[in-house]
Amino acid sequence: NGFTTVTVGTEKPKKDNIKNLPTVNTYLYHVGFAQNYRERTDNLVSTHDRQGNVVEFFRDGPVYLDANFAISVWGNSPGEENLLLGLVVKTLIENTLVTSPNLKGDSWYPDDHINIHPNIQADQNDLMSFWRSMNEEIRPTLFYHIRFRVESERKSSTVRRVIGKDIAINR
């Protein structure tokens with residue numbers, strides 16, 4: 001591909017923020033509730049305490065959010081930018097799923113994953129509006145989104161299940 005070093009940035013994609021060329025900039029421009037958002041209901045959670053006893057409680061249901069990204073490329077020439085954009089497309093096509101070993105932080109469960117989806121509804125008007133809002137010239141740009149879950153920390157007190165009843169009849 002000819003590149004020895006490519007800078008990856010997450011700042012607002014403005015010419016003043018791009019310090020090194022070539023650069024791939026991944027800018028989070030919108031976070032919103034997933035389209036199928038509905039009122040959340042409590043979930044019964046079963047886990048074990050340190051002694052191995054089953055502990056159950058209710059926790060607020062998760063909230064699903066969509067995060068939208070603009071991925072732009074900045075190079076020394078239009079040819080370099082086209083090549084770099086092709087490499088970004090290839091990378092995202094070959095890596096559409098981010099799995100647990102690559103998810104950093106304490107918020108992830110071991111079986112969590114994130115799908116990376118191209119925003120196939122984005123068109124030339126979206127591209128022009130995006131760069132106009134940045135007060136910048138139009139750049140080679142791809143729009144992607146991910147959906148992720150936010151779990152609530154709020155939970156009820158421990159639930160005690162009825163596991164049996166004794167009934168006595170006195171005569």
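Start with E56: leaving out residues up to four places away in sequence, E56 touches L44, V45, S46, S157, T158, V159 and R161, where contact means heavy atoms within 4.5 Å. The side chain of E56 also makes a polar contact with the side chain of S46, at 2.8 Å. (A polar contact is a pair of N or O atoms within 3.5 Å; within protein, one must be able to donate a hydrogen and the other to accept it, and residues adjacent in sequence count only if both atoms are side-chain atoms.) E56 sits in strand β4, residues 54-59.

A word on the model. It is predicted, so local features need pLDDT of at least 70 and side-chain atom pairs count only at pLDDT 80 or more, while totals for chains, interfaces and linings use all residues. Residues are numbered from 1 along each chain as its sequence is written, and side-chain values use heavy atoms, with hydrogens and water left out.

**The whole chain**

The chain has two helices and eight strands, and from the N terminus the order is β-β-β-β-β-α-β-β-α-β. Helices (H or I, at least four residues) and strands (E, at least two) are DSSP runs, numbered from the N terminus. The radius of gyration is 24 Å, whereas a compact globule of 171 residues would come in near 16 Å; the radius is taken over C-alpha atoms, and the globule rule is 2.2 Å times the number of residues to the power 0.38. The C-alpha trace spans about 100 × 35 × 25 Å along its principal axes. Among contacts between residues at least 6 apart in sequence, 64% join residues at least 24 apart.

**Buried and exposed**

Of the 171 residues, 32% count as buried. Buried means under 20% relative accessible area, exposed over 50%, and partly exposed in between (1.4 Å probe, protein chains only). Here are some individual residues:

| Residue | Relative accessible area | Class |
|---|---|---|
| W74 | 4% | buried |
| W131 | 0% | buried |
| E56 | 9% | buried |
| N68 | 14% | buried |
| N135 | 67% | exposed |

N68 belongs to strand β5. Setting aside its neighbours within four places in sequence, N68 is in contact with Y27, L28, Y29, H30, Y144 and H145.

**The aromatic rings**

Searching the whole structure turns up six aromatic pairs. Rings of Phe, Tyr and Trp (its six-membered ring) pair if their centres lie within 6.5 Å; planes under 30 degrees apart count as stacked, over 60 as edge-to-face and the rest as tilted. Take W74 and W131: their ring centres are 6.1 Å apart and the planes are at 70°, so this pair is edge-to-face. The pair bridges distant parts of the chain, with W74 in strand β5 (residues 63-74) and W131 in helix α2 (residues 124-134), 57 residues apart. Ring pairs join Y27, Y29, W74, F130, W131 and F143 into a cluster. R139 lies over the face of W74, 4.0 Å from the ring centre. (A charge sits over a ring if NZ of Lys or CZ of Arg is within 6 Å of the ring centre and within 35 degrees of the ring normal.)

Most residues other than glycine have a negative phi, and most peptide bonds are trans. The bond from L21 to P22 is cis, with omega near -5°, and P22 lies in the loop between β1 (7-9) and β2 (23-33). N135, a residue other than glycine, has a positive phi, near 60°. N135 is in the loop between α2 and β8 (141-150).
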